[in-house]
Amino acid sequence: MTINAKLVKKLSEREGEIISCLEFDKKHFFKSSDINHFFKRKSQRYNFIKKLLKKRRIVKLNQNKYYLIPMKAKSGWSEHPYIVIDEILNGHNYFINGWSAANYWRLTEQIAMTEEVYTTKKRGEMKVLNIPIKFYHTTEKKIKEKSTIRTIQNHQFRIIKKEESRRWLRKRR
């Protein structure tokens with residue numbers, strides 16, 4: 001879950017200024033619209049984001065949301081997987097399941113190799129900040145029935161209820 005510091009390239013003065021403003025506002029997760037006021041045209045914003053992606057100062061999470069690697073990150077940086085998942089899915093229509101959820105509820109000591117996420121939107125796999133995530137399809141009804149909202153590091157996320165996680169775990173043993 002770390003970013004290799006050797007791969008992070010130097011920033012221009014303007015890039016440093018914009019990143020400093022985002023960090024000052026504690027916007028490690030930001031939308032492209034959050035930096036509109038720094039640019040006169042959309043194309044300038046697009047090129048700025050493209051440069052920061054290339055320099056590995058930001059990581060793309062979804063169509064218009066990014067994660068800012070803090071300037072203080074020298075040897076690497078990581079973020080809690082549940083927070084990253086919540087930000088990728090904009091905080092709704094998902095829940096975390098599988099070994100990760102069982103470990104969260106302390107039903108097992110097994111550490112998840114992949115974060116399993118049930119959602120109404122995405123399918124497939126992705127790797128963000130070295131966190132492997134596998135998306136499965138589910139319905140809104142199941143999300144409401146089977147999940148609960150919890151908090152970690154002052155950030156809310158959705159996870160399968162403890163009893164549902166117990167049932168899931170029994171099927172695997």
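Which ring does the charged end of Lys 122 sit over? The ring is that of Phe 135, and the charged end lies 5.7 Å from its centre. A charge sits over a ring if NZ of Lys or CZ of Arg is within 6 Å of the ring centre and within 35 degrees of the ring normal.

## About the model

This is a predicted model, where local features need pLDDT of at least 70, side-chain atom pairs count only at pLDDT 80 or more, and totals for chains, interfaces and linings use all residues. Residues are numbered from 1 along each chain as its sequence is written, and side-chain values use heavy atoms, with hydrogens and water left out.

## Helix 2

Helix 2 covers residues 42-54. Helices (H or I, at least four residues) and strands (E, at least two) are DSSP runs, numbered from the N terminus. At 1.5 Å a residue, the 13 residues of helix 2 should span 18 Å, and its end C-alpha atoms are 18 Å apart, which agrees. The expected span is 1.5 Å times one less than the number of residues.

Four names make up the buried set of helix 2: Arg 45, Phe 48, Ile 49 and Leu 52. Buried means under 20% relative accessible area, exposed over 50%, partly exposed in between (1.4 Å probe, protein chains only). An α-helix has 3.6 residues a turn, so residues three or four places apart point the same way. Tyr 46 and Lys 54 are exposed on the other side of helix 2. Just after helix 2 comes Arg 56, with a positive phi of about 60°.

## A hairpin

Strand 8 (residues 147-152) pairs with strand 9 (residues 155-160) in the antiparallel sense, over six bridges. Two strands pair if DSSP finds at least two bridges between them. Ile 149 has Arg 158 of strand 9 as its bridge partner. Two residues lie between the strands of this hairpin, where Gln 153 takes a positive phi near 50°.

## Aromatic rings

The whole structure holds ten aromatic pairs. Rings of Phe, Tyr and Trp (its six-membered ring) pair if their centres lie within 6.5 Å; planes under 30 degrees apart count as stacked, over 60 as edge-to-face and the rest as tilted. Tyr 104 and Phe 157 form an edge-to-face pair, 5.6 Å centre to centre, with 90° between the planes. This pair links distant parts of the chain: Tyr 104 is in helix 4 (residues 99-104) and Phe 157 in strand 9, 53 residues apart.

Tyr 104 counts as partly exposed, at 22% relative accessibility. Phe 157 is buried, with a relative accessible area of 1%. Ring pairs join Tyr 82, Tyr 104, Trp 105 and Phe 157 into a cluster.
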